[in-house]
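My plan is to look things up one at a time and write down what I find.

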Amino acid sequence: MGTRSRIGVMHGDVVKSVYCHWDGYLACNGRILLEHYDSTKANELISLGNISALRPNIGEKHAFSQFELDAKQRDTYNTMYGEMTTFYGRDRGETDQAWQVAHTFVEFMDQVESCDAEYYYIMKDGEWFAGATSKPDGLSEPLNSLAGALVWNELIERDIVLGWDKVIL
C-alpha cells in the first residue's frame, strides 16, 4: 500500500491538484518537489493529471510498469524511465484522471481527505508548502514551508537513529 499524497498549485485562492499514490512522505515526494519542481514545472506536472509515482522528471509517455514488458525490455526500463513520473492517464491510458479544482483551502482539504492522502503539497507564489493529515512534528500548521519541514524531519530521524545507537552501545 502506498503513502498517498495530493500535489497542487495555488493561484489566488484556487488550488488545482492531483492525487499521487506512491511515496507521499516528506523524505521522498517532498524532497523531489522541492529539489526538482519550480512553479513552471509544477504547473506542467499538475496538467497531466493523477500520478502513480512522482520522479524528478515529468518525462514522456512510457510503459506504466516494467511488468507490462517482455524480459529484454525490462532490463532497460529503469535506465530509460526510472527518473520519469508515471501518470495514470498518460502512461496507463486511464480516463477521468484530470486534475481537480478547489476554490477554497477548505475544499482542497476535502479533496485531500477524499483520496485518503496522508500528506499534501502546494506550490504557492513560487514556494512549496506541505501539510499532513496526522499533523506530525514539523507539519503542525495547515501550510508549512516544505524546506523547513524537511529540515525538521531530518533532525527527528537523526535523533531517533542516535537514540537507538546510544541504547545499543
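Entry 1: I started with how β1 and β2 pair. They run antiparallel, joined over 7 bridges. Then I checked the turn. This hairpin has 2 residues between its strands, and G12 takes a positive phi near 65° there. I note that the model is predicted.

**Entry 2: the whole chain.** I stepped back for an overview. The protein has 6 helices and 8 strands. I wrote out their order from the N terminus: β-β-α-α-β-α-β-α-β-α-β-β-β-α. The chain counts 169 residues, and 42% of them are buried.

**Entry 3: strand β2 again.** How many residues of β2 are buried? I counted 5 of its 7, so I call the strand, residues 14–20, mostly covered. β2 has a further partner. Strand β5, residues 100–102, is joined to β2 by 3 bridges, and the two run antiparallel. Here V15 has A102 of β5 as its bridge partner.

**Entry 4: strand β6 and its neighbours.** Next I followed β1, residues 5–11, to its pairing with β6. The two strands run parallel, with 6 bridges between them. M10 finds its bridge partner in K124 of β6. I then crossed from β6 to β7, residues 127–132. These two run antiparallel and also have 6 bridges. K124 turns up again, this time with E127 in β7 as its bridge partner. The β6 and β7 hairpin has 2 residues between the strands, and D125 takes a positive phi near 50° in it.

**Entry 5: salt bridges.** I searched the whole structure and found 3 salt bridges.

- E35 and R31 form one of them, with their closest N and O atoms 2.9 Å apart. Both sit in helix α1, residues 26–36; they are 4 residues apart, so about one helical turn separates them. I looked up R31 and found a relative accessible area of 24%, so it counts as partly exposed.
- R90 and D91 form another, and their closest N and O atoms are 2.8 Å apart. Buried or exposed? Both R90 and D91 are buried.
- E94 and R92 also meet through their side chains, at 2.5 Å from N to O. E94 is partly exposed at 28% relative accessible area. R92 is partly exposed too, at 43%.

**Entry 6: positive phi values.** Most residues other than glycine have a negative phi. D23 is not a glycine, yet its phi is positive, about 60°. I found D23 in the loop between β2 and α1. Its relative accessible area is 22%, so D23 is partly exposed.

D116 was my next stop. Its phi is near 60°, again positive in a residue other than glycine. D116 lies in the loop between α5 and β6. I read 53% relative accessibility, so D116 counts as exposed; the cut-off for exposed is over 50%.

**Entry 7: a charged patch.** Which residues gather with D116 on the surface? I listed D110, E113 and E118, which form a patch of negative charge with D116. I traced D110 to helix α5, residues 105–114. D110 has a relative accessible area of 47%, so I marked it partly exposed.

**Entry 8: a nonpolar patch.** V151, W152 and L155 make a patch of about 290 Å². W152 belongs to helix α6, residues 146–168. At 42% relative accessibility, W152 is partly exposed.

Notes. Residues numbered from 1 in each chain as written. Predicted model: local features only at pLDDT ≥ 70, side-chain atom pairs only at ≥ 80, totals over all residues. Heavy atoms only, no water. Patch = residues over 30% accessible without salt bridge, like charges linked within 9 Å, V, L, I, M, F, W, Y side chains within 5 Å. Areas by Shrake-Rupley, 256 points an atom, 1.4 Å probe, with all protein chains shown as cover. Salt bridge = Lys/Arg side-chain N within 4 Å of Asp/Glu carboxyl O. Lys, Arg positive; Asp, Glu negative; His and termini not counted. Charge placed at Lys NZ, Arg CZ, Asp CG, Glu CD. Buried < 20%, exposed > 50% of the residue type's maximum accessible area, 1.4 Å probe, protein only. Pairing = 2+ DSSP bridges.
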